[in-house]
Amino acid sequence: MMRYLTILLFTVFFASSVFASHCPTLVHKIDEQLKMVQLDSATETRIKELRDRGQSLHNQGKHGESVKVLNKALDELDAAM
């Protein structure tokens, strides 16, 4: 039982550290793509709101949620291109 608990804790710790380093990469990718495209103001505002929310979640240590929000921003950005 202790062995499984140790493996579970290690997995959770490792996964959160992977997400933590992934968030800034996604933010940077969104910022770079926003520089290269022309979007209508409503779409651009929505993507920037998602980007900012993802950054805020990252800063709060909620990396899994941050990655989901940032990926949603990227999906919307890709759809608008």
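Residues are numbered from 1 along each chain as its sequence is written, and side-chain values use heavy atoms, with hydrogens and water left out. In this predicted model, local features need pLDDT of at least 70 and side-chain atom pairs count only at pLDDT 80 or more, whereas totals for chains, interfaces and linings use all residues.

With a salt bridge taken as a side-chain nitrogen of Lys or Arg within 4 Å of a carboxyl oxygen of Asp or Glu, the count comes to 5 salt bridges. One of them joins the side chains of Arg51 and Asp31, with an N to O distance of 2.8 Å. Because Arg51 lies in helix H2 (residues 41-59) and Asp31 in helix H1 (residues 2-36), this pair ties together parts that are 20 residues apart in sequence; helices here are DSSP runs (H or I, at least four residues), numbered from the N terminus. Arg51 is buried, at 17% relative accessibility, and Asp31 is partly exposed, with a relative accessible area of 24%, where buried means under 20% relative accessible area, exposed over 50%, and partly exposed in between (1.4 Å probe, protein chains only). A network of salt bridges links Asp31, Arg51 and Asp52.

Other salt bridges were found within individual helices, among them the pair formed by Glu32 and Lys35 (3.2 Å, N to O), whose members are 3 residues apart in helix H1 and thus separated by about one helical turn. Glu32 is partly exposed at 31% relative accessibility, while Lys35 is exposed, with a relative accessible area of 65%. In helix H2, Lys48 and Glu44 are 4 residues apart, about one turn of the helix, and their side chains meet in a salt bridge at 3.0 Å, N to O. Both are partly exposed, Lys48 at 38% relative accessibility and Glu44 with a relative accessible area of 28%.

In soluble globular proteins, nonpolar side chains tend to be buried together. A nonpolar core is defined as a set of buried Ala, Val, Leu, Ile, Met, Phe, Trp, Tyr and Cys residues joined through side-chain atoms within 4.5 Å. The largest such core has 16 residues, and those with the most contacts inside it are Ile30, Leu34, Leu39, Ile47, Leu70 and Leu77. H1, H2 and helix H3 (63-80) each supply at least two residues of this core, and H3 gives the most, with 6 residues. When its neighbours within four places in sequence are left aside, Leu39 is in contact (heavy atoms within 4.5 Å) with Leu34, Glu44, Ile47, Leu77 and Ala80.
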